[in-house]
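Please open the model in a viewer and keep the selection tool at hand. The stops below are visited one after another.

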Amino acid sequence: MFKLLIAEDVRTVREALIRSIRWEEIGIRLLGAVENGEEALIWLEREEPDLLLTDIGMPRMNGLELIEAVKARKPDIRCIILSGLNEFEHARQAIKLQVLEYILKPIDPAEIERVMSIAVQELRKEREERRGMALAEQAVKETLPNLSEALSPDDWSGSLKKKKLVEQAIRYVKEGYTRKELALSEVAAAVGLSDKYLNLLVKEVTGTTINHAIIRLRMEEAARLLKDPANKIYEICDWIGYADQDHFRETFKKQYGLTPTEYRNKFL
């Protein structure tokens, strides 16, 4: 069973989701249903879900902010948006955050079950890939026991071929991180791997994800540009690949603990 957490501020919708979906039949254990993003993050401190189903328009913390915060803690979580807001900007941000699906209200139990079934299949496939990698590494260690003395733990977790693929992916990211459309799928295609497998390799070798690498590079470049007062903040936002200044400001503050304006003022 894969664990699901629901974040939805409307009580009637929340109750309908709990009662009208045959969660266990599609391989899901419902952990709970909370009213807003802040409650969802508190829940994550107790138990981490594999899946998050969230509304966008919630008080205190909206669904997109919640997904970004959740991804920072657990990059592999599958996020699905359920919303009555059919707006391009929300959909665009959802794509950037690698949201699995964007479902419009009113809720259709059959559609939700279809989307969740796809998510469960992906999670099962990913779990099998990890198990296969672990078994292969164990088999090599048992066949060549002396090799473990010559290799570090990092070598065991990656191998030279894996590390070369990860290096290629990171190089691709460094060359194009300022482009707005840069996404995991493009990086994966550039090195000939699936999205999920590339993320597994990068996390295994570097301890981070492609998404986090893109964000880190963009924020580091923004910090460098902010030191020059001739660079306008809205121009920096556009240069590093952000179309939404609010999103840029929130992301920068999470990275440096200061808004772009506050950071710039340090150097004036």
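Begin by selecting Phe252 and Tyr263, both of which are buried. The model is a predicted one. The ring centres of Phe252 and Tyr263 are 5.3 Å apart and the planes stand at 80 degrees, so this pair is edge-to-face. Colour the helices next: Phe252 belongs to helix 12 (residues 245-256) and Tyr263 to helix 13 (residues 260-265), so the pair ties together parts 11 residues apart in sequence.

Now extend the selection to Tyr242 and Phe248. Together with Phe252, Tyr256 and Tyr263, they make up a cluster linked by ring pairs. Across the whole structure, a search finds five aromatic pairs.

Move to Trp43 and Arg46. Here Arg46 lies over the face of Trp43, 4.4 Å from the ring centre.

Finally, select helix 8 (residues 184-191) and helix 9 (residues 195-206). Their axes come within 9 Å and cross at roughly 85 degrees; helix 8 is therefore roughly perpendicular to helix 9. To see the contact, show the side chains: Leu184, Ser185, Val187, Ala188 and Val191 of helix 8 meet Asp195, Leu198 and Asn199 of helix 9. By class, five residues in this contact are nonpolar, two are polar and one is charged.

Methods: Residues numbered from 1 in each chain as written. Predicted model: local features only at pLDDT ≥ 70, side-chain atom pairs only at ≥ 80, totals over all residues. Heavy atoms only, no water. Phe/Tyr/Trp six-rings, centres within 6.5 Å; stacked < 30°, edge-to-face > 60°. Helix = DSSP H or I, 4+ residues; strand = E, 2+ residues; numbered from the N terminus. Buried < 20%, exposed > 50% of the residue type's maximum accessible area, 1.4 Å probe, protein only. Lys NZ or Arg CZ within 6 Å of the ring centre and 35° of its normal. Axes fitted to C-alpha atoms, helices over the stretch in contact; angles between N-to-C directions. Parallel < 35°, antiparallel > 145°, perpendicular 65-115°, else oblique. Contact = heavy atoms within 4.5 Å. Nonpolar A, V, L, I, M, F, W, Y, C, P; charged D, E, K, R; others polar.
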